[in-house]
Amino acid sequence: MDSRKLRRTLFLVVMVFLMIIVIIAMVNWELIEEKLGIKRPEQTPVIEAEETETGDKQIGNDLHAFMQDKTFFDSDTHYKSIETYSGRVVSLVMSSVAKDLRIMVVGSNGKLVSGVPFTVTIQGLGEYTDTDRDGIIYIDKLRAGEYSVSLNEEEGFRVPNTVTTIKVKQEIEYRVLEDIEYLMLTEKDVDASKEDTEVKEALQDADGTENTSFDATGNYVKKGIDVSKWNKEIDWEKVKAEGVEFAIIRCGYRGSSSGSLILDPTYEANIKGAIEADIPVGVYFFTQAVNEVEAVEEASMVINLIRPYDVDYPVFLDSESAGGNGRADQLTAEERTDIHKAFLETISNAGYATGIYGSTNWLNAKVDMNQLSGYHTWLAEYAEIPSYEGYYHMWQYTSKGEIDGISTNVDLNLCYMNIDTSIDHSMNAGGYTGVVNGDTGNVPTTDTAE
């Protein structure tokens, strides 16, 4: 082939190649413009899908449409939608005592998320909404069995795309609820003037013959005090120097109006201060439970609060009126006794000694002490000689005591239990001996308390 024909052939090949490139470029011109940034790509019009006879769907005629679909690729976020991915993270915490279900919406800070009407879906039951927006959805009267629960989407929150299964129990088990801390509030969260309305029944029944001095008679008798926020800041070293041999400290109470579980604001300072001053301690909790489930909650709160400390004396349930208008004030003696037993059994099953506190008239009329005889009794009667005819292990004999280190009047007590504080009673309900029956000077030395 001469050079002329060769050049003509090469020219034709080049021209054909260029034409192919031009054709390809024309077909893909919009894509090239987008890649080179020549102009913003116009939004592809949305073409409604047409349903075929088989029920399948076709998504328009744009073969590149999937590039605009942010949900096409699996982002593995484990949240229900890309829109809520940047919101506050929330999760579900659930518990059941008996034929009930408590669902709590908890934030990443470990606290309930309030102020939002969260809704959950329970498979087989439907949807339930937190109408009072306190972060808790409570459902009772359920049949025993397993339930699957999921949290519905809520604007501004990252909602887990998971289904949680929980077993609802048929019969009540007096066991500590490990998630009770989510229900515990401080007085900053409530109106304490409406919630902390405990009334000293013994003070109302006092006959004016009480002894207000801090002394004791008889063998095995120990002198002690009980304190709460009403006693303000306490100098425990001075208290120890006064001869105080034990202290029963209020750890919390259930609100008499709202029913909230509320921490005594001085509890931590008091229990730490007493222990550092080498004063053995016990605790008490003022109840306003109206059913056994709430009693288990109260006991669970107490256990949660005392676990970090060495508690030598029993955990007492303070059973008194809340001024007549408290949520538990109108219970019958039978109802109140059953509820108290739920608290006491839960404490006992956790490994702690426990008992009930009340005035003479309260113990005689408001509870059935025959049903509670297996627990310790802390009697409150402000008289020279108690009129209570039942057995008791501690006696609160005045509320007008004066102790150096405490700026207010303080309750004074005598304890007839032989407590060996060298034993770790935090997980041992034993080691208690001695009861008294209406005679503070005659204390048996045999172990008849248990």
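Biologist: Which side chain meets Arg102 in a salt bridge, and at what N to O distance?

Modeller: The partner is Glu297, at 2.2 Å from N to O. A salt bridge is a side-chain nitrogen of Lys or Arg within 4 Å of a carboxyl oxygen of Asp or Glu, so the pair qualifies. The model is predicted: local features need pLDDT of at least 70, side-chain atom pairs count only at pLDDT 80 or more, and totals for chains, interfaces and linings use all residues. Residues are numbered from 1 along each chain as its sequence is written, and side-chain values use heavy atoms, with hydrogens and water left out.

Biologist: What parts of the chain does the pair of Arg102 and Glu297 link?

Modeller: By the salt-bridge rule the count comes to 14. The pair of Arg102 and Glu297 is a salt bridge at 2.2 Å. Arg102 sits in strand β4 (residues 101–107) and Glu297 in helix α7 (residues 292–306), distant parts of the chain 195 residues apart. Helices (H or I, at least four residues) and strands (E, at least two) are DSSP runs, numbered from the N terminus. Arg102 and Glu297 are both buried, where buried means under 20% relative accessible area, exposed over 50%, and partly exposed in between (1.4 Å probe, protein chains only).

Biologist: Why is strand β12 said to be largely enclosed by the rest of the structure?

Modeller: Because 5 of the 6 residues of β12 (residues 222–227) are buried. Ile225 lies in this strand, and Ile225 is buried because its relative accessible area is 0%. Ile225 and Val281 are 56 residues apart in sequence and 9.8 Å apart in space, C-alpha to C-alpha.

Biologist: What makes β12 and β20 a pair?

Modeller: Two strands pair if DSSP finds at least two bridges between them. β12 and β20 have 5 bridges, in the antiparallel sense, and Lys223 has Leu414 in β20 as its bridge partner. β12 is also joined to strand β13 (residues 246–254) by 4 bridges, and these two run parallel. There the bridge partner of Gly224 is Phe246.

Biologist: How do you know that β18 is largely enclosed, and which residues cover its faces?

Modeller: In β18 (residues 376–380), 5 of the 5 residues are buried, so the strand is largely enclosed by the rest of the structure. His376, Trp378 and Ala380 on one side and Thr377 and Leu379 on the other are all buried, and both faces are covered. Strand β17 (residues 354–359) is joined to β18 by 5 bridges, running parallel, with Thr377 the bridge partner of Ile356.

Biologist: Why is Asp404 called partly exposed, and where is it found?

Modeller: Asp404 has a relative accessible area of 43%, which is why it is called partly exposed. Asp404 is found in the loop between β19 (394–401) and β20 (410–415).

Biologist: What charge has the surface patch that includes Asp404?

Modeller: Negative: Asp404 gathers there with Glu233, Asp235, Glu237, Glu242 and Glu276. Patches are made of residues with over 30% relative accessible area and no salt bridge, with like charges joined within 9 Å and nonpolar side chains (Val, Leu, Ile, Met, Phe, Trp, Tyr) within 5 Å. Lys and Arg count as positive and Asp and Glu as negative, while His and the chain ends are not counted. The charge is placed at NZ of Lys, CZ of Arg, CG of Asp or CD of Glu, and accessible areas come from the Shrake-Rupley method with a 1.4 Å probe.

Biologist: Which residues form a positive surface patch?

Modeller: Arg4, Lys5, Arg7 and Arg8 form it. Arg8 is in helix α1 (residues 3–27) and, at a relative accessible area of 54%, Arg8 is exposed.
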